[in-house]
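Open the model in your viewer and keep the sequence panel beside it. This tour moves from selection to selection.

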Amino acid sequence: MQIVGPDEVVFGVDDMEACRAFLLDYGLTEVGGGFYEALDGTGIRILPRNDPSLPAPLPTATLMRKTIYGTVDQAAVDAIAAELETDRAVKRFDDGSIEAKDDLGFVLGFRVTTRRKLNLPAELVNSPGAPPMRAENIVAANQDAEAKPRMLSHVVYFVPDVLKAEKFYVERLKFVETDRFVQAGPFLRPRACKDHHTLFLIQTPDYMQGLEHIAFHMQGPTELMLAGSRMVKKGYESFWGPGRHKLGSNWFWYFNSPLATHIEYDADMDLHDDSWVSRHVDLSPEHSQLFLFENRDKWSPGPPPKDD
């Protein structure tokens, strides 16, 4: 199953204006039809909760209605349809895309990926003992630099039966386990993607089933820190971060959102191929974060900084 990764996550929301403001402040671009995109065209779609085009909601508080995965070509979509039609209903649409439910009731879509190929610079770092990546007089710390999400990175589901959910994604869609928190669940990547994970499953009680968070890749740690700092200054509540994870190695900064889920900036995630051996570790602060920063408003004996 040649799945690239998530192209789009669809929500049915109550407060369209609050969600719109958040997604724009987060750095996504509004392109119409309730869709807000990253630089590569992946993104988030918000529609009113009672919009008739939305799939039925899960019987929990989650506002997520559908996760749409992109594939390498139409043959991959057709292969997924053929596999899933053996034991469940599959909707087919005029554009060649399909829709079905996984074994726990999450609605999934599959289509030829709409991602645009990016050709953008990486974060440039000067490291002693290595050739400089940033030339003389090129300043790295630019308070006014643009900080835009580049692509949809991953989704994290709360699931009431992690083994059942994992079996579906691994056996039916051919996702690969990269690592695992023993008390929570697996990190998974699809076959046509080398990112450490595009899906993480976490065991929870039934009433919590839904989307725990969604993440977008940034250029690098500096852009992540810049974007997150701007969100804090705009009054959004930081949930976790900034810091760096151990499994996946990605930098992170999570924020609470009006979409009833956390939204994360991430950067510099590990890549893996089929030779990688999954690590199984306990779910603990020591294993979930390499380090975690804390804000400090005053660091000198002088007067406190003035508000912007």
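**Before you start**

This is a predicted model, in which local features need pLDDT of at least 70, side-chain atom pairs count only at pLDDT 80 or more, and totals for chains, interfaces and linings use all residues. Residues are numbered from 1 along each chain as its sequence is written, and side-chain values use heavy atoms, with hydrogens and water left out.

Helices (H or I, at least four residues) and strands (E, at least two) are DSSP runs, numbered from the N terminus. Two strands pair if DSSP finds at least two bridges between them.

**Stop 1: the sheet of eight**

Select strands E1 to E8. They form an open sheet with mixed pairing, in the order E2-E3-E4-E1-E5-E8-E7-E6. Its edge strands are E2 (29-32) and E6 (91-92), each pairing on one side only.

Zoom to E1 (residues 3-13) and E5 (residues 64-71). These two run antiparallel and are joined by seven bridges. Find Gly5: its bridge partner in E5 is Gly70.

H2 lies across E1, E5, E6, E7 (98-101) and E8, and runs at about 145° to E8. Axes here are lines fitted to C-alpha atoms, for helices over the stretch in contact, and angles run from 0 to 180 degrees between N-to-C directions.

**Stop 2: helix H1**

Show H1 next. H1 lies across E1, E2, E3 (35-37) and E4 (43-48), running at about 165° to E4. Keep H1 displayed for the next sheet.

**Stop 3: the sheet of ten**

Select E9 to E18. This open sheet of 10 strands has mixed pairing and the order E17-E10-E11-E12-E9-E13-E16-E15-E14-E18. The edge strands are E17 (279-281) and E18 (291-292); each pairs on one side only. Helix H1 (residues 16-26) packs on this sheet too, touching E13, E15 (251-256) and E16, with its direction at about 10° to that of E16. Contact means heavy atoms within 4.5 Å.

**Stop 4: strand E16**

Is E16 buried or exposed? Six of its six residues are buried, so E16 is largely enclosed by the rest of the structure. Buried means under 20% relative accessible area, exposed over 50%, and partly exposed in between (1.4 Å probe, protein chains only).

Turn on the side chains. His262, Glu264 and Asp266 point one way, while Ile263, Tyr265 and Ala267 point the other. In a regular strand the side chains alternate between the two faces of the sheet.

Now look at both neighbours:

- E13 (residues 210-217) runs parallel to E16 (residues 262-267), with five bridges between them. Phe216 has Tyr265 as its bridge partner, and His217 stands opposite Asp266.
- E15 runs antiparallel to E16, over six bridges. Trp251 has Ala267 as its bridge partner in E16.

**Stop 5: two positive phi angles**

Select Ala260, in the loop between E15 and E16. The hairpin of these strands has five residues between them. Ala260 has a positive phi of about 60° although it is not a glycine. Ala260 counts as partly exposed because its relative accessible area is 46%.

Then go to Asp268, in the loop between E16 and E17. Asp268 is not a glycine either, yet has a positive phi of about 60°. Its relative accessibility is 44%, so Asp268 counts as partly exposed.

**Stop 6: strand E14**

E14 (residues 238-244) joins E15 through four bridges, and the two run antiparallel. Ser238 stands opposite Phe255 in E15. Their hairpin has six residues between the strands, and there Gly248 takes a positive phi near 100°.

The peptide bond from Gly241 to Pro242 is cis, with omega near 5°.

On to E18: E14 pairs with it in the antiparallel sense over two bridges. Arg244 has Phe291 as its bridge partner there.

**Stop 7: Ser288**

Select Ser288 in helix H5 (residues 285-288). What is Ser288 in contact with, leaving aside its neighbours within four places in sequence? The contacts are Phe181, Trp240, His245 and Lys246. Ser288 counts as buried because its relative accessibility is 13%.

Find Val125 in the loop between E8 (107-112) and E9 (151-159). Val125 has 43% relative accessibility, so it counts as partly exposed.
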